[in-house]
Amino acid sequence: MKTQRMDQLIGAHPFFEHLSQAVSEIVSGCGENQVFEPGEYLAREGQAADHFFLLRSGRVSLEVSVPGKGALIVETIETGDVLGWSWLVERYRWVFDARAVEPVRAIALDGRCLREKLGHNPALANELYSRFVRVLADRLTGARMRLMDMYSAPDDTSSDVP
Amino acid sequence: MSLSQPHPRPFRVCAVSDQLEDTWTVELAPADGKRVVAAPGQFNMLYAFGAGEAPISVSRIHADVLAHTIRAVGRVTRGLRQLVVGDTVGLRGPFGVGWPVETMSGGDVVVVAGGLGIAPLRPVLDTVARERSRFGRVQLFYGTRDRASLLFQDDLKTWTQQNIEVNVIVDRGSPDWRGPVGFVTQPLEAATINRSATALICGPEVMMRFAAGTLLRKGLNPEHLHLSIERNMECGTGQCGHCQLGPYLVCRDGPVFGYDAVSDCLAIREL
């Protein structure tokens, strides 16, 4: 079986589509392949956020533990998605638990390694921040949509329009 | 009210099946034996005797039997909830412009449904599943509130067997749900969409606006994008004006519209 180099794997992931060669080399130097079995945690709330993950296959649930209710799933992250931006936000702590729902193949990228390089590499910083902002915007929009609970029955029962 | 259809026709209740706690499907056949012709996307005015009329989309077409999937939200629909097999209900219709099934033939199809919005799309998916070779790649993106509010689960399996790519996503996770959790635009965003595909969207209007926006950002030709709009339909024949949407009367000119025709109207709050 032919083994792909890390820069090829990263270049093939949608999050890093059309990444420049120079930036790709830096990012690839901070990446490693990881595999998670169903039920295994990729991250735990409150722990140091030293990595983020590019999901190559599988599904990860973002969970929050609620006393008396157990783990509530707030969102799932799917094949082709990126998991984790806490490594970019000071305090660098995971906000949610991240647990594999299915067997997961991921590229773990070392956030500490990349953080050090961001400060003196504007091209890298621009690439990473602009890509993460797009992801943040999409997820924020999705979260706002879900807050509306738009598929539930209307409160006003005077009309028959569902 | 239409001069050609001044009175509701009597239809016999053939079957009633619960879908969700507040949502059920009623199958109706003409009691007068005369043929009824409906197209996917059209709606009927169902008359619950003593309660009034409500516009309900056709959720399945099988010979002379029309299925309607109804959520009990008001006086009329709660009246319709009381129907049992053998009862008679008044029906006017079918009314309106349906989905462009004929022009979809030969190409790829993207169907985006939100909540109960899957009901008016079910006849299209039935047609695609039945005549699968007429269509290219077919993708269904179905967003709903949670596992408990998932409609037509048997149909989802049937459609999958007919090589329709079924993507279901729920707003709220639960221990008995192992699928995706998020808003319906998220799998849509991640999917590869043929720019020349025909896209059909039905659901809450906000969801349709955002789903349309996602598809257009991905390069879909707006001329191939169709939405089913809901307004306060009363006469069903374009006479009363209750369902006016800008220059259109939804009951007569819709409920299915090309995106280009209604996109400006959808951005106006007062409409």
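Predicted model: local features only at pLDDT ≥ 70, side-chain atom pairs only at ≥ 80, totals over all residues.
The secondary structure of chain A consists of 4 helices and 8 strands, which follow the order α-α-β-β-β-β-β-β-β-β-α-α from the N terminus. The C-alpha trace of chain A extends over about 60 × 35 × 30 Å along its principal axes. Among the contacts in chain A with a separation of 6 or more, 74% join residues 24 or more positions apart.

Chain B comprises domain 1 (9-94) and domain 2 (101-266). A distance of 22 Å separates the C-alpha centres of these two domains of chain B. Their contact involves 17 residues from domain 1 of chain B and 16 residues from domain 2 of chain B. On the domain 1 side, at least two residues each are supplied by β1 (9-20), β3 (43-48), β4 (52-62), β5 (65-71) and β6 (88-95) of chain B. β4(B) contributes the most to this side, with 6 residues. By class, the domain 1 side that touches domain 2 of chain B contains 7 nonpolar, 7 polar and 3 charged residues.

The contact between the two chains draws 26 residues from chain A and 30 residues from chain B. On the side of chain B that touches chain A, α1 (75-80), α5 (185-190) and α6 (205-217) of chain B each provide at least two residues. The largest share of that side is the 4 residues of α5(B). The residues of the side of chain B that touches chain A fall into 12 nonpolar, 11 polar and 7 charged.

Terms used
Residues numbered from 1 in each chain as written. Chains lettered and ligands numbered in written order. Contact = placed C-beta atoms within 7 Å. Nonpolar A, V, L, I, M, F, W, Y, C, P; charged D, E, K, R; others polar. Domains from an automatic or database assignment.
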